[in-house]
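Subject: Structure for you to look at, with notes

Dear colleague,

I am passing on the structure we spoke about, together with some notes on what turned up in it. Please read the notes with the structure open beside them.

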Amino acid sequence: MAEDYIKELTTEEKIIFLKVICRLIKADGSIDEDEISFLKQTAEFFGVDNNAVLGVIQAADSIDYIAEARKLTNRSHALQLVKELCALANVDDDLNDKELDIIIDAAHAMNIEDEKIILINRWVLDSQIVAQTGRIIMEENNG
């Protein structure tokens, strides 16, 4: 997520990202230690303190991710959120229906078209393939 757009996000927008990401992580019904670690690392990258992250985690069950996503009115930021959600959902090579529903619902709440969601997800997958290919070529971690 080493992206310049993060510098443009307000503190409120960063919290929105974390809330929607948290809801995606919780799509399977639980949040494990690795996922909490991911949230904390993301928050650190965003410059959001741990107390705010803990608040998001504690409120995970009551997060209305659709209402949160609607608060993002900057299209560029909305597209970035969709990209981050797609990356997270595909990180384990298993984009399940619940995760897909959250991505689609959040994207629709931000007026992102289905075609754009598909293109973003394809780009994320292609980027993962290119990165993996690079690791194989460079003989790093055996791919």
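For what follows, two residues are said to be in contact when heavy atoms of theirs lie within 4.5 Å. Please also bear in mind that this is a predicted model, and that every value below was computed from it.

Let me begin with a pair of helices. Helix α2, covering residues 11-25, and helix α4, covering residues 50-58, have axes that come within 10 Å and cross at roughly 35 degrees, and the crossing of α2 past α4 is right-handed. On the α2 side the residues that take part are I15, L18, K19 and C22, and they meet A52, V53, V56 and I57 of α4. Sorted by class, this contact between α2 and α4 contains seven nonpolar residues, one charged residue and no polar ones.

Turning to charged side chains, the count comes to six salt bridges, and I describe some of them here. K26 and D61 meet through their side chains in a salt bridge, with a nitrogen-to-oxygen distance of 3.1 Å. This pair links distant parts of the chain, since K26 sits in the loop between α2 and α3 (33-46) and D61 in the loop between α4 and α5 (65-70), 35 residues apart. Is K26 buried or exposed? K26 has a relative accessible area of 15% and therefore counts as buried, the limit being under 20%, whereas D61, at 67% relative accessibility, counts as exposed.

A further salt bridge joins the side chains of R75 and E113, at 2.9 Å from N to O. Here too the pair links distant parts of the chain, with R75 in helix α6 (residues 75-90) and E113 in the loop between α7 (97-109) and α8 (114-137), 38 residues apart. R75 is partly exposed at 35% relative accessibility, and E113 is partly exposed with a relative accessible area of 36%. Salt bridges that share partners also join K19, E68 and K71 into one network. Within that group, the side chains of E68 and K71 meet at 3.3 Å, N to O; E68 is buried, with a relative accessible area of 10%, and K71 is partly exposed at 43%.

Finally, there are two backbone points to check by eye. Most residues other than glycine have a negative phi. N111, which is not a glycine, has a positive phi of about 65 degrees; N111 lies in the loop between α7 and α8 and is exposed, with a relative accessible area of 60%. E139 likewise has a positive phi, near 55 degrees, in a residue other than glycine. E139 is found in the segment after α8, and its relative accessible area of 69% makes it exposed.

Methods. Residues numbered from 1 in each chain as written. Predicted model: local features only at pLDDT ≥ 70, side-chain atom pairs only at ≥ 80, totals over all residues. Heavy atoms only, no water. Axes fitted to C-alpha atoms, helices over the stretch in contact; angles between N-to-C directions. Helix = DSSP H or I, 4+ residues; strand = E, 2+ residues; numbered from the N terminus. Left-handed = near helix turned anticlockwise from the far one by under 90°. Nonpolar A, V, L, I, M, F, W, Y, C, P; charged D, E, K, R; others polar. Salt bridge = Lys/Arg side-chain N within 4 Å of Asp/Glu carboxyl O. Buried < 20%, exposed > 50% of the residue type's maximum accessible area, 1.4 Å probe, protein only.
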